[in-house]
Amino acid sequence: QLRLVESGGGLVQPGGSLRLSCAASGLTLDYYAIGWFRQAPGKEREGVSCISSRRGDSTDYADSVKGRFTISRDNAKNTAYLQMNSLKPEDTAVYYCAADFRPGSSCSYTTQIEYNYWGQGTQVTVSS
């Protein structure tokens, strides 16, 4: 059983940065694509970014975060990351990481149903 734990959330001023981590245990992440999702109060959960399995050759981002967020993975540490720069108040949400067993070189952040394992979430609040 794969267990995911997010960390790194917190309160940050607009324009600031945070790096979220998604640490896995129980199984190796090597053959799992990783997705980051978020849910703001009163809104549905939405996809933010994804990275393909193994070397992470393929990444994808929602238009709302493109150019500001960077997803990465370190298989040796069994951990994935989401670097968030130039944060805006509208980025405020609970952020979740999820894993999808997908040995190929693709990923999708729009098909949440394909992700079998989810973390508990970490709160990100962007406010002055």
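**View 1. The disulfide between C50 and C107 in a predicted model.** The sulfur atoms of C50 and C107 are 2.1 Å apart, where a disulfide is defined as a pair of cysteine sulfur atoms within 2.5 Å. Distant parts of the chain are linked by this pair: C50 belongs to strand β5 (residues 46-51), while C107 lies in the loop between β9 and β10 (117-118), 57 residues apart. Strands (E, at least two residues) are DSSP runs, as are helices (H or I, at least four), and they are numbered from the N terminus. The angle about the S-S bond is 65°, and the link of C50 and C107 is right-handed. C50 and C107 are both buried, meaning under 20% relative accessible area, with exposed over 50% and partly exposed in between (1.4 Å probe, protein chains only).

**View 2. The disulfide between C22 and C97.** Here the S to S distance is 2.1 Å. The pair joins distant parts of the chain, with C22 in strand β3 (residues 18-25) and C97 in strand β9 (residues 93-101), 75 residues apart. The torsion about the S-S bond of C22 and C97 is about 70°, so this disulfide is right-handed. C22 is buried at a relative accessible area of 0%, and C97 is buried with a value of 0%.

**View 3. The disulfides of the chain.** The count comes to 2 disulfides. With bonded cysteines counted along the chain, their pattern is 1-3, 2-4.

**Notes.** Residues are numbered from 1 along each chain as its sequence is written. In this predicted model local features need pLDDT of at least 70, side-chain atom pairs count only at pLDDT 80 or more, and totals for chains, interfaces and linings use all residues; side-chain values use heavy atoms, with hydrogens and water left out.
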